[in-house]
Amino acid sequence: MGKALRILIVEDSDMDARLLLRTLRAGGIDPVYERVDTAEAMQAALDTKPWDIVLSDYSMPQFDALAALELAHRKDSDLPFIIISGTVGEDIAVAAMRAGASDYFMKGHLLRLIPVIERELREAAERRAHRQAEGLLQDIIENNPISIQIVDNEGFTLKTNPAHTALFGSAPPVDFSIFADLKRKIPGFAEILQRAKNGEAVSFPDIQYNVHDSLPEMPDRPVWVHVTIFQL
């Protein structure tokens, strides 16, 4: 028994679908599949079942791969989509790739299909994991009771969380560099910053800081802060 994969096959030819399934099984894949050849049938399949990958013919009497690709990525932007066709030319294939298709093959020339499927499944899993990590990080930043300020390499603010705004009364303007300000106020800050840029999580002693001293438009609010700087 091969590796089970949930495969949505967009194909109007039953014979071509059978040949494709034979290729998959010969390559060690045990396909759990459904074959569709209209937009309505594909939409129903996408709405009712989870799929690992879509394998689509390019041109069908009532449907085509570009319309199928749009439906697939509207449902799941990370869902791998491979075109397998007997008629697609190179210019059309390039257009399909630009539209978001993962790869394309000519029917009868499927020697690379199995490794390409494995590659696309791997990359889709990595994209989903990356998106989940970004979402988790966003939640941590937004809901953290500790003031968080995300800046670029020069200290210009990219994002602050609600706790930061509550502490200082307002987010700093985008043209204000916190690094430049701290270099003026803290002896040895340049060395601290360089250590942070080299990968360390660096803290320095508690200081009383009032951003109003450098930015009169900011609230006059001196606060004691303990600062830790690290690369994100």
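Predicted model: local features only at pLDDT ≥ 70, side-chain atom pairs only at ≥ 80, totals over all residues.

Residues are numbered from 1 along each chain as its sequence is written, and side-chain values use heavy atoms, with hydrogens and water left out.

**Entry 1: α2 against α3**

I took helices (H or I, at least four residues) and strands (E, at least two) as DSSP runs, numbered from the N terminus. I found that α2 passes α3 in a right-handed crossing. The two pack at an angle of about 20 degrees, with axes 10 Å apart. Axes are lines fitted to C-alpha atoms, for helices over the stretch in contact, and angles run from 0 to 180 degrees between N-to-C directions. α2 is therefore roughly parallel to α3 (under 35 degrees; over 145 is roughly antiparallel, 65 to 115 roughly perpendicular, the rest oblique).

I listed the contact (heavy atoms within 4.5 Å). α2 gives Ala 39, Met 42, Gln 43, Leu 46 and Asp 47, and α3 gives Ala 68, Leu 71, Ala 72 and Lys 75. By class I get six nonpolar, one polar and two charged residues. Here Ala, Val, Leu, Ile, Met, Phe, Trp, Tyr, Cys and Pro count as nonpolar, Asp, Glu, Lys and Arg as charged, and the others, Gly among them, as polar.

**Entry 2: the faces of α2**

Which residues of α2 (39-48) are buried? They are Met 42, Ala 45 and Leu 46. Their directions fall within an arc of 95 degrees seen down the axis, so they line one face of α2. I took the arc from the directions of the C-beta atoms off the helix axis. The face turned away carries exposed Glu 40 and Thr 48. Buried means under 20% relative accessible area, exposed over 50%, partly exposed in between (1.4 Å probe, protein chains only). The cover over the buried residues includes β1 (3-10), β2 (29-36) and α3 (65-75).

**Entry 3: α7 against α8**

I then checked α7 (178-185) and α8 (189-197): their axes come within 8 Å and cross at roughly 140 degrees. That makes α7 oblique to α8.

**Entry 4: Asn 210**

I found Asn 210 in the loop between β10 (202-209) and β11 (223-229). Asn 210 is buried, at 7% relative accessible area. Its contacts include Lys 185 and Pro 219.

Terms used: Left-handed = near helix turned anticlockwise from the far one by under 90°. Lists of a residue's contacts leave out its neighbours within four places in sequence.
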